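The sequence and structure come first.

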Amino acid sequence: MYFHHPRYAAHLNYPVALPAVAAEALVTSINTSMDTWDQSAGATLIERRLVRWAADLAGLGAAADGIFTSGGTQSNLQALLMARNRAVSPGTGPLPGRLAGWRIYASQDSHFSIVRSAVHLGLGEDAVVPIPVDRNHRMDQVALERAMGEDAARGLRALAVVATAGTTDFGSIDPLDDLASAARRNGAWFHVDAAYGCGLLASPTRRHWLAGIERADSVTVDFHKSFFQPIGSSALLVAEGSRFAHITHHADYLNPDQDPDSPNQVDKSLQTTRRFDALKLWVTLRSLGSDVLGGLFDATLDLAAEAGRLVEDTEHLALAAPVQLGTVVFRFEPGGGPGADGVAVDRLQDALRRSLYRSGEAMVAATTVAGRRHLKLTLLNPRTTVADVEAILEAVVRHGRAVAESEVAA
Ligand SMILES: *Cc1c(COP(=O)(O)O)cnc(C)c1O
């Protein structure tokens, strides 16, 4: 599968910036590991510089710190681990007994890694309370306050509120400022999963869409998504750097008689041996600059907005929700009036997607919205043009009609 093809519009795989590819060759050749200062002084300084840069873009303040991770999944897990350890310590008795009764609030459109993290952390799947969303698929703040109030009355405690800045399906951005206030009032950690939406931090025109992110306790940013970096390149940013103490476990062999003031990245990471992924972003920023990256991300958002209009104007296609970032969720409707069999139309979405995939003309994704199968364009490639989108939609309709007709014939 060639993600750089302008008609690849399926998953959240970004085309990569060329300077990062050059840096990747260097990263792999020198094979630096980031775990101790004595083997990675230059790499550590570069990583810390980029963490500072990203934390400043997010407005997290002077005490902020962070660490590069393998991806958004690991960043989300680490954020919730830190939130969990803060919540249960100091405490008495063995840890497992102290994990009961904590709740994590996230929208029902949040990334599945939030629920999986709760499972890994011994909190259980039910610890994550799925909060309903509005018609734009943003977390409903009133529903959040209600859920938190009802849980508190039952003796349950708020561990964290997780806001998503750019949901995987709809690109929706939860109301960050309101959710920060709700988290504060309830003593909960406020985590923002900006794995996808982090590109807005560098956007020359849309940075204000992330207003409120500066109030986060922690932020997930995936540079291997909207900063056009090769996999993996991601970071967890933390507003109070001292909170990394919640996960520190001192290993003597990694810190031989080290000056306590020298940087120590391993104490902030879930990993030990860790790639020097920061170099890729460093070289990209040094050669292209942040504004160029933000502008490229903006271009994909402009294209997605136009793609949404095209879907609305195309016979047999129905848009599922307003376009927010770079995704366009829609359905192929063969016609036949309101009596048309819903299950058959659901099956048709998957059948036409398979047919299109096999043809090699384009690739689109599929997802389920309110129980109904839909198709999805994820537009991430600055080289994809409006003409490409027109061609993709034309192919969707053509394959959809062909599949529908062949089924009638059968
Ligand atoms: C992609 C994504 C993740 C997971 O990040 P990985 O880098 O794939 O581990 C988490 N949250 C959101 C909103 C995402 O889009």
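Q141, L144, E145 and M148 in α6 meet D178, L179, A182 and R185 in α7, where contact means heavy atoms within 4.5 Å. The model is predicted: local features need pLDDT of at least 70, side-chain atom pairs count only at pLDDT 80 or more, and totals for chains, interfaces and linings use all residues. Residues are numbered from 1 along each chain as its sequence is written, and side-chain values use heavy atoms, with hydrogens and water left out.

**Helix packing**

- Helix α6 spans residues 141–153 and helix α7 residues 176–185; helices (H or I, at least four residues) and strands (E, at least two) are DSSP runs, numbered from the N terminus.
- The two helices pack at an angle of about 10°, with their axes 10 Å apart.
- That makes α6 roughly parallel to α7, a term for angles under 35 degrees.
- Axes are lines fitted to C-alpha atoms, for helices over the stretch in contact, and angles run from 0 to 180 degrees between N-to-C directions.
- By class, the contact of α6 with α7 has four nonpolar, one polar and three charged residues; Ala, Val, Leu, Ile, Met, Phe, Trp, Tyr, Cys and Pro count as nonpolar, Asp, Glu, Lys and Arg as charged, and the others, Gly among them, as polar.

**Ligand site**

- The ligand is surrounded by 15 residues, each with a heavy atom within 4 Å of it.
- The closest are T73, D193, D222, H224 and K225.
- A nitrogen atom of the ligand lies 2.7 Å from an N or O atom in the side chain of D193; a polar contact is a pair of N or O atoms within 3.5 Å.
- The protein buries 85% of the 380 Å² that the ligand exposes when taken alone, with areas from the Shrake-Rupley method and a 1.4 Å probe.

**Backbone details**

- I231 and G232 are joined by a cis peptide bond, with omega about -10°.
- G232 sits in the loop between α8 (223–226) and β8 (234–238).
- H137 is not a glycine, yet has a positive phi of about 65°.
- The loop between β4 (128–131) and α6 holds H137.

Conventions
Parallel < 35°, antiparallel > 145°, perpendicular 65-115°, else oblique. Polar contact = N/O pair within 3.5 Å; in protein donor to acceptor, adjacent residues only side chain to side chain.
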